[in-house]
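The structure is shown first, and the notes follow.

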Amino acid sequence: MIDFHTHTPAWRSASWLAGAAFDADEFISFMDDSGVDRAVVLSHDGLFDPSSQANDELAAFVARHPQRMIGFGSVSPRRPDAVVETERMMSVLGLRGIKLHPWLQGFSLHEAALDPICETVQAAGGIVVSHDGTPPYSTPAQIAALARRHPELPVVLGHGGLHDCWREALAAVAQTPNLYLCICGTPPYAARYILEHAPQHRVLFGTDAGLSDKPSQDYAAARVREIAGWGITADQRQAMLVDNPQRLLGGR
Amino acid sequence: MIIDGHVRIGQGREVELTADTLLDTMDRLGIDRALVAPDEAAIAYHNRRGNDAVTAAAASSGGRLLAYAVANPWRGRDALDELDRAADRGAVALAVDPVLQGFDLLDGLLVPLLEFAAARHWPVYVRTGTPPTALPMPLALLAGQHPEVRFVMGRSGATDFWIDAGPALRQAPNLVGDTCYAPWDTVLAALAADPEIGANRLMFSTDAPYTVSATELERVTDWPLTQAERLAVLGGTVAALLGLQI
Ligand SMILES: [Zn+2]
């Protein structure tokens, strides 16, 4: 299976959800124990302070196990070097996409500064993942609007709308062909409903591993185990955990 | 003694749970008692149907189920009459959901219901979540306005307002958080370790049927706590709110 939403440790800047220190090998142990073959590994320091240094450190972390970990960097979209840094992370650093965290990083999806960044990610064959589920500036329909401005760019709702916006996430995915929905922190009843009603090839799964106080990422392991209690079909499970993320990552 | 502090029974929009299924799950997981609120439609509109259902389920459960009463605060005097009726039928607490019931925690509509709850020594469960729904901090303000009422911060601000849960609990000593959805290894451990909060301000709940009950319980049993802390989280906190002997 592919875990589409995990994080590196926070090495520098987190003063919330900082979690335990762990190295790449420890992270692979967590993946092995939970049956995760490959993981999309998102910035952690970069969420709080998107810098080229954060992208360098993320790239070095995933480079320890390049067959297993796929890195997504982060930039501060209004900074003058944002496009150059996006280009650098997608080429020199070998990252495969970008993670946006609009409310934490302080911007709206509707800002024009995001467009050249998205074009750069798309030109490199990359993917955009955005935090979602949190008003005011991280709602699924706002992210869908960004996806509609870039119809060839795959855009992923990183949390499937969480507790209060998951119906909006489902509606947005249905109306936006390049929008994907990652069930991650989404409550189980919503996950079940989404899997029943969303376009089946556009649902992904993530644990948000990396934030735990323990290197073994206990809550993330529990989230993988919990899927067995969701009441979903074997086909839905296969699509969400294996086929969809594989197809989306493709050559990436 | 394990007490599940919040469950809803009946038919919701995407979920359903019968009292029998709940009791079976409790047997399977070793949960002794549960506080049950009615389904979403009953919380929002069909208050009487909901109160009848949960008090009937409680009455026929041999003491294992305890009923939350509901009444939409927009109903004014009728809401109080409905709570009176539910109390006569054995309800032991009030459950409030500002989203389903369409009010603002601080607009004053809830005040008569809180006075009712205070007079009956009922704890008040409030479902929290993202804006513009009831966030943890306005609930702490409400608790500050009603120091005689004990409040439960349902869902503890899951997920992006878990960061508000600690400040809300520190601000309002008459507020407890519940454990559903919250990982112990990122959220709950910090609340329990906080000298101004502690495990006896946290209440186990499965929030069934929105969750996987076994996972909700496992997350609390996996959490390294002292025996005293675990007893508090799994039952002591809610027992104290209800004045139950366990
Ligand atoms: Zn994340």
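Arg155(B) counts as buried because its relative accessibility is 3%, under the 20% cut-off. The model is predicted. Arg155(B) sits in the loop that runs between strand 7 (151-154) and helix 8 (162-171) of chain B. Its phi is near 70°, a positive value in a residue other than glycine.

Asp207(B) also has a positive phi without being glycine, with a value near 55°. The loop between strand 9 (202-203) and helix 10 (213-221) of chain B holds Asp207(B). Asp207(B) is buried, at a relative accessible area of 0%.

## Cis peptide bonds

In chain A, the bond from Pro135(A) to Pro136(A) is cis, with omega near 5°. Pro136(A) belongs to the loop between strand 5 and helix 7 (140-149) of chain A.

In chain B, the bond from Pro131(B) to Pro132(B) is cis, with omega near 0°. Pro132(B) is in the loop between strand 6 (124-127) and helix 7 (136-145) of chain B.

## Helix 3 of chain B

Helix 3 (residues 47-59) of chain B has 13 residues; at 1.5 Å a residue they should span 18 Å, and the end C-alpha atoms are 18 Å apart, which agrees. Buried residues in helix 3 of chain B are Asn47(B), Gly50(B), Asn51(B), Val54(B), Thr55(B), Ala57(B) and Ala58(B). Viewed down the axis of helix 3 of chain B, the buried residues fall within an arc of 155°, so they line one face of the helix.

The cover over these buried residues includes strand 1 (3-11), helix 1 (19-29) and helix 4 (77-88) of chain B.

Technical notes
Residues numbered from 1 in each chain as written. Chains lettered and ligands numbered in written order. Predicted model: local features only at pLDDT ≥ 70, side-chain atom pairs only at ≥ 80, totals over all residues. Heavy atoms only, no water. Helix = DSSP H or I, 4+ residues; strand = E, 2+ residues; numbered from the N terminus. Expected span 1.5 Å × (residues − 1). Buried < 20%, exposed > 50% of the residue type's maximum accessible area, 1.4 Å probe, protein only. Arc of directions from axis to C-beta. Contact = heavy atoms within 4.5 Å.
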